[in-house]
Each structure stands twice: as structure tokens, then as C-alpha cells.
Amino acid sequence: MAVAAAALAGRYGVRAWQAYKARPPAARMRRFYEGGFQSTMTRREAALILGIRETAAPDKVREAHRKVMVANHPDAGGSHYLASKINEAKDVMLGKTKGSGSAF
């Protein structure tokens with residue numbers, strides 16, 4: 001009797017493992033920065049806006065800026081405020097800013 005119970009439990013375990021491995025991979029949700037903007041933009045905040053690391057190369061910064069601007073450009077229905085913050089983030093990451101260059 002014990003052998004039959006162990007066999008059934010093993011069979012159930014193998015089938016459960018195979019079903020687990022066969023399931024489609026779950027989509028990983030990206031977490032977004034939930035804070036507001038700081039009065040003077042830091043390198044950390046700029047990296048969060050562009051979705052890159054603080055140590056990203058200049059070409060990665062430009063590529064990320066382009067992707068974010070395509071989605072938020074004012075001519076395509078985006079916000080002028082967000083566009084200015086995205087441009088400011090690019091300037092901070094590339095070291096082209098002296099302070100808060102936002103018009104808002």
C-alpha cells in the first residue's frame with residue numbers, strides 16, 4: 001500500500017513539474033520611478049528619466065533620449081514640460097548643463 005501511495009505521489013510531482021516548465025514565461029513588469037522632479041536635476045534622476053544606468057556611454061544616452069522623445073514629443077501629443085525634462089536629462093547625462101535648464 002505504501003509503495004502505491006509513493007508511486008502516485010511521485011507521478012503527481014513529475015506531472016506538476018512538467019506543467020510548470022511548459023508554461024509560458026511571465027512578462028516582467030518594469031517598475032517606474034514614482035517620485036516627482038527635483039528642483040535641480042541630478043545624474044541619478046536623469047538616468048531614471050531616460051531609463052539607463054548612471055554610467056551609460058554617450059551613445060547609449062543619445063539612443064535612450066531619442067526613444068523617450070519619440071514617445072513624448074509635443075508635436076505628437078506629448079507634454080512640453082516632459083519634453084523639457086527629457087532634454088534636461090540628456091544634457092545632465094552628457095555633462096552639458098550648468099544648472100536647471102528647464103523652462104518650467
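Q: What share of the contacts in the protein chain with a separation of 6 or more comes from residues 24 or more positions apart?
A: That share is 45%, where contact means heavy atoms within 4.5 Å. Keep in mind that this is a predicted model, where local features need pLDDT of at least 70 and side-chain atom pairs count only at pLDDT 80 or more, while totals for chains, interfaces and linings use all residues. Residues are numbered from 1 along each chain as its sequence is written, and side-chain values use heavy atoms, with hydrogens and water left out.

Q: OK, and how many helices and strands are there?
A: The protein chain has 4 helices and 0 strands, so the order from the N terminus is α-α-α-α, with helices (H or I, at least four residues) and strands (E, at least two) taken as DSSP runs numbered from the N terminus.

Q: How much of the protein chain counts as buried?
A: 19% of its 104 residues. Buried is under 20% relative accessible area, exposed is over 50%, and partly exposed is in between (1.4 Å probe, protein chains only).

Q: Which residues of the largest nonpolar core touch the most other members?
A: Met41, Ala46, Leu50, Val61, Ile86, Ala89 and Met93, out of 14 residues in that core. At least two core residues each come from α2 (43-50), α3 (58-72) and α4 (80-94), and α4 gives the largest share, 5 residues. A nonpolar core here is a set of buried Ala, Val, Leu, Ile, Met, Phe, Trp, Tyr and Cys residues joined through side-chain atoms within 4.5 Å.

Q: What does valine 61 touch?
A: Leaving out residues up to four places away in sequence, valine 61 touches Leu50, Ile52, Ala56, Lys90, Met93 and Leu94.

Q: Switching to packing: at what angle do α3 and α4 pack?
A: About 180 degrees, with the axes 10 Å apart. The axes are lines fitted to C-alpha atoms, for helices over the stretch in contact, and angles run from 0 to 180 degrees between N-to-C directions. α3 and α4 are therefore roughly antiparallel; the classes are under 35 degrees for roughly parallel, over 145 for roughly antiparallel, 65 to 115 for roughly perpendicular, and oblique for the rest.

Q: Which residues meet there, in α3 and α4?
A: On the α3 side, Pro58, Val61, Arg62, His65, Val68, Met69 and Asn72. They meet Leu82, Ala83, Ile86, Asn87, Lys90, Met93 and Leu94 in α4.

Q: Is histidine 65 buried, or what is its relative accessible area?
A: Histidine 65 is in helix α3 and is buried, at 12% relative accessible area. Not counting residues up to four places away in sequence, histidine 65 touches Leu50, Ile86, Asn87 and Lys90.

Q: And at roughly what angle do the axes of α2 and α4 cross?
A: Roughly 125 degrees, and those axes come within 9 Å. That makes α2 oblique to α4.

Q: Where does alanine 46 sit?
A: In helix α2, buried at 0% relative accessibility. Apart from neighbours within four places in sequence, alanine 46 is in contact with Met41, Ala89, Val92 and Met93. Its C-alpha atom is 8.6 Å from that of lysine 85, which is 39 residues apart along the chain.

Q: Last one: is glutamate 54 buried, exposed or partly exposed?
A: Glutamate 54 counts as partly exposed, at 37% relative accessibility, and lies in the loop between α2 and α3. Not counting residues up to four places away in sequence, glutamate 54 touches Arg43, Arg44, Ala47 and Met93.
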